[in-house]
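Keep the view open as you read.

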Amino acid sequence: MELNVDGTIHVVDVEADMPLLWVLRDELKLKGTKYGCGAGLCGACTVHIKGEAVRSCSISAGDAQNAPITTINGLGTPAARHAVQAAWIEHQVAQCGYCQSGQIMTAAAFLAKTPNPTDAEIDDAMSGNLCRCGTYPRIRAAVKAAAT
Ligand code: FES
């Protein structure tokens with residue numbers, strides 16, 4: 001099947017019911033998207049499909065094949081960072097860092113729809129992305145900074 005990932009069409013030979021996360025990580029070697037729970041509970045695997053934040057562990061490659069997929073690997077570049085990535089660096093959000101690519105993808109999709117969010121809206125939008133290090137105050141600050 002063909003997958004449109006980060007602006008490139010990839011032809012992959014996988015079962016249609018393989019989770020998109022495994023295709024991204026194991027077939028396409030896009031390791032920025034993380035495996036946390038594998039059950040749709042933590043948000044570490046979040047990517048964008050048609051601009052919507054989606055948990056890539058919980059959608060099959062077959063269901064993702066006709067839509068543009070953006071991963072953290074394609075959200076920005078070191079020379080042209082997405083505003084959320086720049087804010088994450090500015091606010092030194094990451095501690096261990098494992099969940100952060102999913103956090104950034106969720107934040108970017110949220111801000112695209114809600115450019116001037118309240119703190120409550122930020123907390124609500126980010127509440128499904130878990131961080132064992134408890135970086136939530138910095139996540140909120142960075143999302144707020146990226147919004148302005
Ligand atoms: Fe997909 Fe946790 S790995 S939600």
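How many residues of domain 1 are in contact with domain 2? The answer is 16 residues of domain 1, which meet 14 residues of domain 2. Contact here means that C-beta atoms, placed from the backbone, lie within 7 Å. Strand 3 (46-49), strand 4 (52-55) and helix 2 (72-75) each give at least two residues to this side of domain 1. Strand 3 gives the most, three residues. Helices (H or I, at least four residues) and strands (E, at least two) are DSSP runs, numbered from the N terminus.

This is a predicted model: local features need pLDDT of at least 70, side-chain atom pairs count only at pLDDT 80 or more, and totals for chains, interfaces and linings use all residues. Residues are numbered from 1 along each chain as its sequence is written.

Now the domains themselves. Domain 1 spans 2-75 and domain 2 spans 83-147; these bounds come from an automatic or database domain assignment. Their C-alpha centres lie 20 Å apart.

Next, the core. The largest nonpolar core holds 38 residues. Such a core is a set of buried Ala, Val, Leu, Ile, Met, Phe, Trp, Tyr and Cys residues joined through C-beta atoms within 7 Å; buried means 20 or more other C-beta atoms within 10 Å of a residue's own. Helix 4 (100-113) has the largest share, with seven residues.

Val 84, Ala 107 and Val 143 touch the most other core members. Beyond its neighbours within four places in sequence, Val 143 is in contact with Ala 107, Leu 111, Ile 122 and Met 126.

Methods:
Contact = placed C-beta atoms within 7 Å. Buried ≥ 20, exposed ≤ 12 C-beta atoms within 10 Å, placed from the backbone.
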